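Me: I've just opened this one and could use a quick tour. Shall we start with the sheet?

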Amino acid sequence: MKYIDLFAGCGGLSLGLEKAGFKLLLAVEKSPMAAETFYHNFISRIKLQDEWIAYNNLTIDEQFRRKLIVNEVSAVLENINIMENLESEGVDLIAGGPPCQGFSMAGKRNPKDLRNQLPWQFLEMVERLHPKAVLIENVLGIKQNFNKHGEKAPIEQINSALRELWPGYVTQLIEVNAMHFGVPQYRPRVMILGIRSDIADKLNPEMWDGFWKSAFDIEPPVIGYKRPTLAPVTTCKKTLTVRDALWDLKGSEYAFSAKDKRYNSPSGSYARLMREDFSWMPAHILKSIQLNKLENNGLRNHSENIADRFRLYQIFQKYGVPVKIFNLAANSSLSVLERKQLIESEIVKIKLPAKAPDGKVLGKDIEELFERIMSLSTKKHSQRPLQWDSPSPTVLSLPDDFVHPNEARTMSVREMARLQSFPDSFIFRAKETTGSLRRRFEIPQYTQVGNAVPPLMAEAVGKKIFELLKKALKSTISSCQVLQNIEKQAS
């Protein structure tokens, strides 16, 4: 079964679909940085950077023949030759996550935001190619109405449009959380799963009114609850944690060899899966790879002051001290005495001497601890330490979002990828990170990881779609056989 991945990013969704049994027909990604990672993992290993530069200089038709177009979706829609070729192929699935910034609750949520036009390009592709199935993934903000502008929620508009496209689609709105699919991360997302009407007629699907939630498999919403036919199968018997994801990693010295003592033994099946999973990899790439070290695991350098601030975050988290005391320390409108009284009322919870997980003492007594907090005061404290025995919060696109549970540093790209369920054999390319202004148009490695669909969740959704299409195909074959038998008997 063949799929198209629009707004493909680095390939998290494609990776899951490949593991579910689908085969890539075409991926479209406008960012050269994210596309470089996709190319390296799904098309051909890049040995020299000149190879990737040369690929970017190919015509769109030449890129199409190699299954990855580095361009806007609109450029594909406007290319008559490519669209005719895709129409003749017979597409089984069109999948994708149109860029979500315009929908995010953290943004301005303006319906005229150009990024909100991209889902309609997705729908135009569906309208012209009539795939058997459709998968759209996005952030929770797509569920919220544009109240200020008097418009319905984007997901309602997209869902209605998808149902009305000829020949029509039967759709199910879904709210999933990655931690229900074997991913060690709390990551809620919404999806639309659509099956073409003629396919749905063969399946007679059970539907759920409104949003089906993966949480329903843990706590059914009503007596007599029935799972909808399009609901992906959850794997939520045990919620995985940061420990499950990262315990076997040991700094930048990690190696693949099981005989190498420079890493901890994998703590469970998740770590082993991340280390040993090559099942998704195209055969021609698998033959050429050499994996003698862990890629993307470079550790970031921090000044001692920054590292000490991270250590304080870890101590505060352990004893339930709010990080807002850093604001108090930096609040020049308060006298030093006032700040001291307020801060000490909180830090009395901390067992002294105040020792960070890596063993460094930041205060032998409350006076020394107060002085250390004052010296490290800042109005910016967006980082938070991960907790070994909890799932990770939602992985975002900045390198400074999380602090390691034990070490006084932020996370490596590989560690963030582990939290997203990317196997260690998946290599991220391009810059590791970038400056604030360049974030408007550059998609470095940390952003690629944060923007991706967790592959294990994508695999579960892909398996459900694959299963339904296969079932419908069997039904069609059976019907044809019945008709053939009738015709034989009649003759």
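Me: In what order do the eight strands of the open sheet lie?
Reply: Strands here are DSSP runs (E, at least two residues; helices are H or I, at least four), numbered from the N terminus. Two of them pair if DSSP finds at least two bridges between them. With mixed pairing, the order in the open sheet is β3-β2-β1-β4-β5-β7-β6-β8.

Me: Which strands stand at the edges?
Reply: Each edge strand has a single partner, so one side of it is left without a neighbour in the sheet. Those are β3 (68–69) and β8 (211–213).

Me: Before we go on, what sort of model is this?
Reply: Residues are numbered from 1 along each chain as its sequence is written. Local features need pLDDT of at least 70, side-chain atom pairs count only at pLDDT 80 or more, totals for chains, interfaces and linings use all residues, and the model is predicted.

Me: How many residues of β1 are buried?
Reply: Buried means under 20% relative accessible area, exposed over 50%, and partly exposed in between (1.4 Å probe, protein chains only). β1 is mostly covered, and the count of its five residues that are buried is four.

Me: And which residue in β4 does L6 stand opposite?
Reply: β1 runs parallel to β2, joined by five bridges, and L6 has V28 as its bridge partner in β2. β1 also pairs with β4 in the parallel sense, over four bridges. There, L6 stands opposite G96.

Conventions. Side-chain values use heavy atoms; hydrogens and water are left out.
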